[in-house]
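Have the viewer ready, and we will start at the end of a helix.

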Amino acid sequence: MSCWDTIADYALRSVGVGERLLPRSDFTICQQVVLIGSGMIWNVYFGVLALVSGFFLATALAMGKFSASPLLRKPAEWFIFLFRGSPLFIQFFFAYFLFLSLKQVAPVFTPFTSAWLGALVVLFLNTAAYSAEIFYGALLSVPKGETEAADAYGLSGWSRFRRVIWPTMLRLAWPAYTNEAIFLFHATTLVYLSGFPAFQQRGDALYYASYFADKTFNPFVPYPILAGYFILLTLVLIAVFGLINRRLNRHLPVARRARMRIRPNLIR
Amino acid sequence: MAGGTPACPHAALGGQFAQIDFTRPLIFSYCTDPETLAGFSWLSCYLTTGKHMAFYSSFGTVLLLLAITAPVALGFGFAGAAAARSHVFPLNWMGRIYIAIVRGVPDIAFFLFFVIALDQGFEWLRHKVKCPDWDQPIRQGSDFVVCDIAKLPLGNAAQWVHETYGFLLAVLTFAIVFGAFAANVMYGAMRAVPHAQLETAAAYGMSPRQTFWRILVPQMWVYALPGLSNLWMVLIKATPLLFLLGVEDIVYWARELGGTKTARFTDYPHGDWRMWYFLALLVFYLGFTKLSEVVLGRLMSRLTHGQATAGGEAQRKAAA
């Protein structure tokens, strides 16, 4: 069987298209590369959707934590502490069993017990909490002069936020937020190792990598392949976020622009 | 552990401990006939069964892992950071690669990789030493075959040896991965020490070795502490991954105890309670994180006291 056949069979295996049975013996490098790459579809799916939806909740939470009113501040603080203070792994398990119990009560929750929705909800809430903390830190360091200038121009309320505070907050938070995005993508590998089952062996990249490692008893092939995919994904992310960073900083002289620095120090 | 069978390591480890004897003395005398109990007394009996005691002691496993891993990872990190600063080419190169492995790749992949790779590495080394005249290849298709006396632990070893070996493998894996994180932090801290200090040391005629030990190392800790305390929080939150390495930790027991139990197999039948067990774990981790935050905050404020840094300056202003 040539490598083209393998690609035709397994390139979309993780979403249920193509050959039903996974390879069981005589594993080739091609099979491992194609199947693990197929699993990356799920990592990208979880990462992109959680990041985009989490961004809005994170902005709201950061504003809540920044607010003077304890009615807004306390819930935001508790939410952020709850999701940043506990392991994502336990959050996945808890959410899965919670959805299982809710399913008994109301059938509406049936789709939440499968990974594509349930795990996405957990990742969405989790990344919202981590990003909110980053945005909150950026809000604290918005220069006083800018808000004073906004007041002087007669801007207030929504338009002051939308035109002055929010762009500056994003600009200041962006390097740290890039980091958060990278680690969110890394965290998506936990989905199928926690409670959520991989329906008909449709899993993510790490699911297939550990499948091969278990079957061949040789970790030295599948895990480096996985690492290669993730390094590629990280490079793409850095490029995309770098472009956005350039746009956010376009009004500043080159010397004052915030440099992007990748500082890896997160396991959730 | 890495025998000839290509079995999943989790299953291999998990299956071995099914034979633990749970007939130990009852904590409360009224627990002899659980079917007659109700309400609070039922719960008190249920929560003190032998299996629950094993669940509680697995919290000890987590704390033990933290207690061993933290200093070992600190040592690995220190060695890595020192190597990355070295002027000797291969050492410098190795240190940088060690630090770089934490970038770009999910940490969970490292956990899963190292636990098998270390196990096979140890067996391979023992195989080379103990059976030098073995002529068959070690990798035969999907099998990893070493001679019998090179197996780790030996095939006839007692249960607790298997258990301890699995745990030590997990500790080593944690230490390697977190050592890379710590090396990253300490490398940054070493660079944060003002360069003039090192130049002054050189001007006084100190050798590079003396400069490193007498000038650089004592001063770097203030800069490293924020990063290291962050790392401690991260380490706490990484402990449930022990479950993935095949150790019977709190996640294992929470799944085990919470699952639906029918009256045929247990004196305490109940429905699916896994949600409540994981809620308890969530609360445990939140409490532990909060406690660490408070303790590390106090430590930080004590260390910054009187320092010529922004933090020390803020403390002085607040007092005045």
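Which residue just after α8(A) takes a positive phi? That is A:Phe217, with a phi of about 55°. Before going on, note that this is a predicted model, where local features need pLDDT of at least 70, side-chain atom pairs count only at pLDDT 80 or more, and totals for chains, interfaces and linings use all residues. Residues are numbered from 1 along each chain as its sequence is written, chains are lettered from A and ligands numbered from 1 in the order in which they are written, and side-chain values use heavy atoms, leaving out hydrogens and water.

What does α8(A) pack against? Its axis comes within 6 Å of that of α2(A), residues 29-66, and the two cross at roughly 150°; axes are lines fitted to C-alpha atoms over the stretch in contact, with angles from 0 to 180 degrees between N-to-C directions. The pair is therefore roughly antiparallel, the word for angles over 145 degrees. Contact (heavy atoms within 4.5 Å) involves residues including A:Leu35 and A:Met40 of α2(A) and A:Tyr208 and A:Phe212 of α8(A).

In chain B, α4(B) and α6(B) pack at about 110°, axes 8 Å apart, and are therefore roughly perpendicular, a label for 65 to 115 degrees. B:Tyr98 of α4(B) and B:Ala180 of α6(B) are among the contacting residues.

Notes. Helices (H or I, at least four residues) and strands (E, at least two) are DSSP runs, numbered from the N terminus. Angles under 35 degrees count as roughly parallel, over 145 as roughly antiparallel, 65 to 115 as roughly perpendicular and the rest as oblique.
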